[in-house]
Amino acid sequence: MTIRTFSILFLCLLLAGCASSGTWGWYVIDPTTKQGYNNIRFLLNGFGATILLSIIAAVLSMCIGLIVALPGMSHNRWLRMPSRIYIEFIRAIPLLPMLFWVFYGLPVVLKSMGINANIDAFWGAIITLAISDSAFTAEIYRSGIQSINKGQTEAAKTIGLNYSQTMRYVILPQAIKRILPPLANQFIYIVKMSAFASVIGMQELTRRANELVVTEYRPLEIYTLLILEYLVLVLIISFGVRWLERKMGADESK
Amino acid sequence: MAKAIEIKRLNKWFGSYQALKDIDLNVSHGERIVICGPSGSGKSTLIRCINSLEHHDSGEITVDDIELSQNKASIAAIGAEVGMVFQQFNLFPHLSVLQNLTLGPTKVRGLSRSEAEERAMRILERVQIPEQAHKQPSELSGGQQQRVAIARSLCMEPKIMLFDEPTSALDPEMIAEVLDVIVDLAEDGMTMIVVTHEMGFARRAADRMVFMDKGEIIEMGAPKDFFEAPKTNRCKTFLNQILQH
């Protein structure tokens, strides 16, 4: 269904462009001309950075999220509190200010601690996206793990499994099916938010579109293509997740 | 010889509600105890304290010469020696029957996979469902699931078995098959405490009956005396109510 929606949308835009050549100037990204071909190559080359950025940030976010979520479910309030504070604090910071702080501010902080680290745009964006998103993944883990019946933990305890064995062999394999869909949502969110990396000079999809707009003065066509680029990325992820869910579902009903 | 379980002046509160009041109970090795009583009388809480699924507030519980304090190491040491069967089975739904049985032995006891599977199959024979080994728990009937749960505990070779209303969630026609397995274990000399309303089973398998009400042990004795000549009124009323049907 999504394929159909997508193709209809794409066709509409294309037809609109062809029908009224006064408003649209597709020549700017027409691959049959040399200039258009170079432009479109320039834009599509941003895919690599956006994808790499998103994947590394998402993996980091999932790891940090789990590390934050587990003590957050402890009976011990001194373990629970740091986790709570982290989640509330990080969740309250908008992405863009955090990005500025990490990119411009963090090196200064590190320097004052005697660490001479230059944070480039790529890692600045990854750190920001991962930390910002981890507050949300932590909450996803918590709700997923808490949705597993308490009897499972008790049964694991009565056969002598310790905490980490219980998590690894009993709770997480069951929780993952419930966690996966919201986690995929979060991944899509990261892909879209990676566009902010353009403001600190990261050469990803949005940055390249901006740069081309400045030289070509064709914002409508270029930003339309930019939107479609993100659309394609997100749809691919959705399909991937759908496939994964079906596969896991099939395993369960076997 | 030391007792299998020694409980001294055990108290347990849930908030301001006292679930257990000054419980004293000793269980010898090989002894079969049946605990009965109205719901909310603390029977389940008592056996959940014995394998530290609940923490007690005061008093002493000594299991197999190890005192259960809040000390994590002692709890872990006892955890694997005391098997527990739950009313709701609590099988691991994402694992096959065989995997349910081998998880503990391989991860906790350090058995190899083939050793653990061999042991699991031997115990599945004993609870008479070897043919179900490769099914998922959701494909089994309630009675079969409970027998798998018993088998899962037995695979850890526990010294003591606790049963928390093992037949209460079962359809009537499946109760017998589960009770037969428990009686078989009892005849084999396993130390066990069974919380149940199955009085026929109690007469058949128990060495001693314990009647609880409102968090206290009201009466204790051999099944014969207990059923034929209950000493307290509360116990008489309870027995009348459940034996009528």
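The secondary structure of chain A comprises ten helices and zero strands, where helices (H or I, at least four residues) and strands (E, at least two) are DSSP runs numbered from the N terminus. This is a predicted model, in which local features need pLDDT of at least 70 and side-chain atom pairs count only at pLDDT 80 or more, while totals for chains, interfaces and linings use all residues. Residues are numbered from 1 along each chain as its sequence is written, chains are lettered from A and ligands numbered from 1 in the order in which they are written, and side-chain values use heavy atoms, with hydrogens and water left out.

### Chain A as a whole

Along the sequence, chain A reads α-α-α-α-α-α-α-α-α-α, and its C-alpha atoms fill a box of roughly 75 × 55 × 25 Å along the principal axes. Of the 254 residues in chain A, 43% are buried; buried means under 20% relative accessible area, exposed over 50%, and partly exposed in between, with a 1.4 Å probe and protein chains only. Among the contacts in chain A with a separation of 6 or more, 73% join residues 24 or more positions apart, contact meaning heavy atoms within 4.5 Å. The accessible surface of chain A amounts to about 13900 Å², with 69% of it belonging to carbon and sulfur atoms; accessible areas come from the Shrake-Rupley method with a 1.4 Å probe, and for residues only the protein chains shown count as cover.

On that surface, Trp78(A), Met81(A), Ile85(A) and Phe89(A) form a nonpolar patch with about 480 Å² of accessible area together. Patches are made of residues with over 30% relative accessible area and no salt bridge, like charges being joined within 9 Å and nonpolar side chains (Val, Leu, Ile, Met, Phe, Trp, Tyr) within 5 Å. Ile85(A) belongs to helix H4 (residues 77-91) of chain A, and it counts as exposed because its relative accessibility is 52%. An α-helix has 3.6 residues a turn, so residues three or four places apart point the same way.

Arg246(A) is placed in helix H10 (residues 219-253) of chain A and, with 56% relative accessibility, counts as exposed. Between Arg246(A) and Leu53(A) there are 193 residues in sequence and 27 Å in space, C-alpha to C-alpha.

### The interface

The size of an interface is often given as the accessible area lost when the parts come together. Chain B and chain A bury about 1700 Å² between them, 61% of it on carbon and sulfur atoms; buried area is the accessible area (1.4 Å probe) that two parts lose on being put together, summed over both. Phe92(B), His94(B) and Lys107(B) supply 30% of the area that chain B buries against chain A, more than any other three residues. The contact draws 23 residues from chain B and 17 residues from chain A.

Across this interface the rule finds one salt bridge, a salt bridge being a side-chain nitrogen of Lys or Arg within 4 Å of a carboxyl oxygen of Asp or Glu. The side chains of Arg48(B) and Glu154(A) meet in a salt bridge with an N to O distance of 2.6 Å. Helix H2 (72-79), strand E6 (82-85) and helix H3 (97-107) of chain B are the elements that give two or more residues to the side of chain B that touches chain A, and H3(B) gives the most, with three residues.

From the other chain, Thr158(A) is found in helix H7 (residues 150-158) of chain A and is buried, its relative accessible area being 5%. Apart from its neighbours within four places in sequence, Thr158(A) is in contact with Asn51(B), Leu53(B), Gly79(B), Val82(B), Met84(B) and Phe86(B).

### Local features of chain B

Helix H1 (residues 43-50) of chain B is largely enclosed by the rest of the structure, because seven of its eight residues are buried. Among the buried residues of H1(B) are Ile47(B), Arg48(B) and Cys49(B). H1(B) is followed by Ser52(B), whose phi is positive, near 50°.

Most residues other than glycine have a negative phi, and most peptide bonds are trans. Phe89(B) lies in the loop between E6 and H3 of chain B, and Asn90(B) lies in the loop between E6 and H3 of chain B as well. Their values are set out below.

| Residue | Phi | Relative accessible area |
|---|---|---|
| Phe89(B) | positive, about 65° | 10%, buried |
| Asn90(B) | positive, near 55° | 8%, buried |
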